[in-house]
Structures are given as structure tokens and as C-alpha cells.
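This report describes selected features of one structure, arranged by element. The sequence and the coordinates are shown first.

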Amino acid sequence: MLENNEENLVSKLLRVLVVEDSEEDAELLIAVIRSGGYDPTYERVETAEAMSAALDRQSWDIAFSDYSMPHFNGVHALKLLREKGLDIPFIFLSGTIGEDLAVEAMKHGANDYVMKGNLKRLLPSVDRELREAAIRRAAEEELREAQAHLLQSDKMASLGQLAAGVAHEINNPVSFVGSNLKTLEEYVGDLLQLVGSYESLLSAVERGERNTIEGEKKRGRSLVKQIDVGFLMADLSRLVAQSLDGMERIRHIITDLKEFSHVDRGERRRFNLNQGIESTLNIVWNELKYKAEVIKDLGDIPEVLCYPQQLNQVFMNLLVNAAQAMNERGKIWIRSYASEDSVVVEIEDSGCGIPEESIKKIFDPFFTTKPVGKGTGLGLSVSYDIVQKHNGKMEVESTVGKGTKFRVLLPITTG
């Protein structure tokens, strides 16, 4: 909930952007704001280029603009502010503003207008707009927290359902590594006997004890034959290589699992979606391998600016859905390629398909065609929201009895 005392949300330290061709008017404006108990720092600009640079350089709490200036129009200033996605209070100032101009100003999205000759009504407007902006920011923060919680809840619910399969994928290499270690223990014991015989032979040679030398040579030959040293050495190399592969498989699964379960609150970063697909396959492999043959056709694609863990969540939901759509063993195709302005990932299955009447509902929260216990009804809804958040698109094609194809399109960004 928002704080009961809304005043606590408003800081008295203000960063003020003033779009004004008169330095004297700008100073008067700041003096009025200061008289209201605020502690403002400000920058005055009077061209589009200067305003754009100021907006890029730092964040601002509130902006004021003269409605009409020789080189710049206040309406253009407001449009520039909004085009940059900034939702800070914007107040027009004018020495000539009338009712028509006031209506025009508000139509363009200004928060208020004030006559320069009547700056005494500026402070109530500033108080009100700053308070409402602070409330909006707090509400947006609560919404972001709620969305993050929903994403994490869906992610952990999915991982919970996959836990047995992930455990199996880890237990498999653990089992054969354990078995290999027992065999290696036996081999080491045999080799230690052979080394002991060799040391006894060297000692006998050093002492010149002919009878002992012959005895140790005979014992050594017997051990070599009994142990089958040629096979042991070849098998030893195989066991070590196999065990190292198994441990690497375990390391990959645990790394992917830790990365996947982490709460993604960081900045967007450039990421190759093929890496995300491979990582996600590692986690869901036990869910897929008994249900379908997985056919990968991953192209040479550029990186996209994204939240990698969130897109991995999309891939996981789509892959698990594909597996669960199989009544009998089938096929899952995973493709990635670049179009003119997008990176595209397709996940297609040869499963049961989705009825036409359900297609329109599949991205709705809690809608599911799965049996109880097979899903939360949030997977596709959450996936759709994640893709939308990345300014992408999610498409679906399905034919009952033939299968379903989901297509994720994410914009390629440059720079």
C-alpha cells in the first residue's frame, strides 16, 4: 500500500528543467519555487538540442516551459519530453496565455499552465503535481514488484514440477561416476600390488640377490597376467574421461539451474538466444527425452538487448508445454533465425494441437487445458507478458491432431 502520509513521498530537493529564453524569468521562477520550502537546482535551455542533451544527461523532477519562444515552441518541448518516455510533471508558463491556448496546452498533455504575471498560483500547482508524480512512481514500483513476484512464482512453480526430472538428470551421472570410482579403487589396488612387486625387484637387484630377483620377476609376470595390465590401462583412461564428462554435465545443470532460478532485477544486457535455448534444454531435458525427439536448427543470430533469465523462462514454458502436448512419442523442433529487424525463435511440436476456441484464451492468466496438477495456468500468460516487455511479439499456429508452433519475435537493436 502507498504511505498514508503522501507528503513523505515528495522530496524537497528538486531538479528543475526550465525551457525559457529569458534568464530573468527563469531566476524569478526558481525564486518562487524556493519560497515554497523547496531546495531547487536548475538548468535553463532554450533550444530543442539543448533540451534533448539535458534530458539525456540526468533525470529531472519537474519541467517548466515558456509557451512561445523565438527559437523553440513549448508544445515541441513537451513532445520531446514524452517521446523520450519521461513522465515528469510539465507546466506551461506564458505572459499571454488565454483560454484557447490553455486548452491547447492541456490537449498536448501539459499538467498545468500558469500566467507569468500570476506566479503566486504556481506553488499549489507544483505541490500537487509533485505529489501526484510521487504517488504514480510508488504505484509503479508496487506494480513492478508484483510483476516480479508473479514471474518468480511461475518460475519456481515450473521448477518444482521439473524437480524430479532435474534430480534424475543429476543422479544419472552421479551414479556412473560413483560406479567408476569403485572400479578405479580396484584398479588402483591392483596397480599398487604391481608397483610393490617392482619395488621389491629393484631392491633385490641393488643387493645382488639372484634368487630373490628371479622370484620377484616371476611374481611380477604373474601379476601382469592376472591384472591384465593392457586392458586395465585402457579402461582406466576411459573411466577417468567418462567421470570427468559426468562431473561436467552435473556442473552445467547446477549452473543453469542457479542462473535460471535467480531473480532477474538487473539491467538488460546483450545475449545470444541460442545460449539461452541450450541452457534451458539442460534443465528440461528429462521432461523431453522420453516424450519426443528434439530437432535443433539454431541459426547464426545477432545478440538482443534483454533480460536473459526471463527469456529462458519463456523457452522453458514453451518446451514443457510441447512435451506435455504429446500423447505418444513425437517430435519437437527448435529453430532460431534472424529476419529483417527481429531475432525469431520457433518451438514446434507434433502433439495434439489446440482447439480453435481455445487459441484466443491461451495467453489469459489461469487459462489451461491441462489436467489438475499439470500446470499453473500462468505459463503462457507470463511468457506473453515477458515478450511484450521486450517490445517483441508472440505468435501461435495450431492444428488439432497435428501440432502447435509458437513463434517469439524480438527486435534487433543496434548500437
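## A loop residue with positive phi

Asn391 is found in the loop that connects α11 (379-389) and β11; helices (H or I, at least four residues) and strands (E, at least two) are DSSP runs, numbered from the N terminus. The phi of Asn391 is near 60 degrees, a positive value in a residue other than glycine. Most residues other than glycine have a negative phi. With a relative accessible area of 61%, Asn391 is exposed. Here buried means under 20% relative accessible area, exposed over 50%, and partly exposed in between (1.4 Å probe, protein chains only).

## Basis of the description

The model is predicted: local features need pLDDT of at least 70 and side-chain atom pairs count only at pLDDT 80 or more, whereas totals for chains, interfaces and linings use all residues. Residues are numbered from 1 along each chain as its sequence is written, and side-chain values use heavy atoms, with hydrogens and water left out.

The pairing of β11 with strand β12 (residues 403-411) is antiparallel and extends over 7 bridges. Glu395 stands opposite Arg407 in β12.

## Helix α6

Helix α6 (residues 210-227) has 18 residues and reaches 26 Å from its first C-alpha to its last, close to the 26 Å expected at 1.5 Å a residue. The expected span is 1.5 Å times one less than the number of residues. Just after α6, Asp228 takes a positive phi of about 60 degrees.

Which residues of α6 are buried? They are Ile213, Glu216, Gly220, Leu223 and Ile227. Seen down the axis of α6, its buried residues fall within an arc of 90 degrees, so they line one face of the helix; the arc is that of the directions from the helix axis to the C-beta atoms. An α-helix has 3.6 residues a turn, so residues three or four places apart point the same way. On the other side of α6, Arg210, Asn211, Lys218, Arg221, Lys225 and Gln226 are exposed.

In strand β3 (residues 62-66), 5 of the 5 residues are buried, so the strand is largely enclosed by the rest of the structure. Ile62, Phe64 and Asp66 point one way, while Ala63 and Ser65 point the other way. In a regular strand the side chains alternate between the two faces of the sheet.

Strand β1 (residues 13-19) pairs with β3 in the parallel sense over 4 bridges, and Val19 stands opposite Ser65 in β3. Strand β4 (residues 90-94) and β3 also pair in the parallel sense, over 4 bridges; there Asp66 stands opposite Leu93 in β4.

## Cysteines

The structure holds 0 disulfides, a disulfide being a pair of cysteine sulfur atoms within 2.5 Å. Cys306 is buried, with a relative accessible area of 0%, whereas Cys352 is partly exposed at 35% relative accessibility.

Notes. Two strands pair if DSSP finds at least two bridges between them.
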